[in-house]
Amino acid sequence: EPPRLSSTLVFASGALASLLIGLASLTYPFGHDQAIYAHIGASVLEGDVLYRDIFSLKPPFTAAVHALAQILFGHTMTAIRIFDLLWMGLNCALIAVLVFRIFPGRRFVSILAAFFLAHFYYTFDHWQIAQSDGWANLPLSFAMFLIIRGYGPANGKTSSRRETACWAGAAASIGCALMFKYTFVGFIPILFLALAILNRKKPRRAVWTGASALAGLLFFFGALASLFGGWGAL
């Protein structure tokens with residue numbers, strides 16, 4: 001397992017690389033989509049119920065992100081850009097640590113991975129960033145990180161409890177990605193396939209973690225109903 005100090009340095013360096021590359025995005029205006037979802041987020045903050053009082057094509061976390069950005073940074077076009085910059089910085093830092101765990105000791109390679117991710121992301125124009133796909137990348141990256149961490153050695157031994165917890169967390173993270181975009185449901189079969197392959201000799205753990213993946217889906221639809229009144233939209 002990579003030293004904690006080295007992992008922390010890689011994490012901080014990945015975040016810094018992303019923040020420096022993305023600073024220019026703070027000057028970007030709204031695209032059509034950002035304007036629509038900023039309006040939806042503002043309406044939710046004023047008391048409207050998503051899907052009942054105001055229509056949205058996207059799952060609730062897209063509107064929630066815009067609402068949170070306005071709470072934190074004000075009702076301006078810059079608010080969602082600041083939030084996107086911080087969100088992408090965290091995603092790049094997580095990718096840097098993920099690469100560092102796959103290639104221990106390769107700090108430069110890990111930071112370079114974060115640099116290229118930020119570089120390619122911010123080559124898109126103002127309309128194409130701060131979108132649902134970009135928001136969903138962070139929980140998906142976290143799911144990959146948990147899977148890698150769950151199968152890494154802990155103090156020279158493999159902890160079955162840690163493996164199980166990490167797989168369950170990965171399933172929940174994919175459930176969160178679904179809250180940004182419906183089409184990410186395609187990652188659920190991939191998770192089940194990985195479970196079947198990597199847990200061939202551990203069927204009980206595979207079944208338990210598979211149930212956690214289904215719980216992630218139930219969480220997705222339950223949140224639509226309980227938090228945003230979404231059953232009517234379904």
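These legends describe close-up views of a predicted model.

**View 1. The largest nonpolar core.** This core holds 42 residues. Y122 and W135 have the most contacts inside it. Six elements are named as giving two or more residues each: helix 3 (60-73), helix 4 (77-102), helix 5 (107-122), helix 6 (132-150), helix 7 (160-178) and helix 8 (187-198). Helix 4 supplies the largest share, 14 residues. In soluble globular proteins, nonpolar side chains tend to be buried together.

**View 2. The surroundings of Y122.** Neighbours within four places in sequence are left aside here.

**View 3. Helix 2 packed on helix 3.** Two packed helices are described by the angle between their axes and the distance between the axes. For helix 2 (residues 32-45) and helix 3, the angle is about 75° and the axes lie 8 Å apart. An angle of 65 to 115 degrees counts as roughly perpendicular, so helix 2 and helix 3 are roughly perpendicular to each other. Helix 2 contributes Q34, Y37, A38, I40, G41, A42 and L45 to the contact. From helix 3 come T62, A63, H66, A67, Q70 and I71. By class, eight of the contact residues are nonpolar and five are polar. No charged residues take part.

**View 4. Helix 3 packed on helix 4.** The two axes come within 8 Å and cross at roughly 105°. Helix 3 is therefore roughly perpendicular to helix 4. On the helix 3 side, the contact is made by V65, H66, L68, A69, L72 and F73. On the helix 4 side, A79, I80, I82, F83 and L86 take part. The contact residues divide into ten nonpolar and one polar, with no charged residue.

**View 5. Two cysteines, C92 and C176.** C92 has 0% relative accessibility and so counts as buried. The limit for buried is under 20% relative accessible area. C176 has a relative accessible area of 26%, which means that C176 is partly exposed. A disulfide is a covalent bond between the sulfur atoms of two cysteines. A search of the whole structure finds zero disulfides.

Terms used
Residues numbered from 1 in each chain as written. Predicted model: local features only at pLDDT ≥ 70, side-chain atom pairs only at ≥ 80, totals over all residues. Heavy atoms only, no water. Core = buried A, V, L, I, M, F, W, Y, C linked by side-chain atoms within 4.5 Å. Buried < 20%, exposed > 50% of the residue type's maximum accessible area, 1.4 Å probe, protein only. Helix = DSSP H or I, 4+ residues; strand = E, 2+ residues; numbered from the N terminus. Contact = heavy atoms within 4.5 Å. Disulfide = S-S within 2.5 Å. Axes fitted to C-alpha atoms, helices over the stretch in contact; angles between N-to-C directions. Parallel < 35°, antiparallel > 145°, perpendicular 65-115°, else oblique. Nonpolar A, V, L, I, M, F, W, Y, C, P; charged D, E, K, R; others polar.
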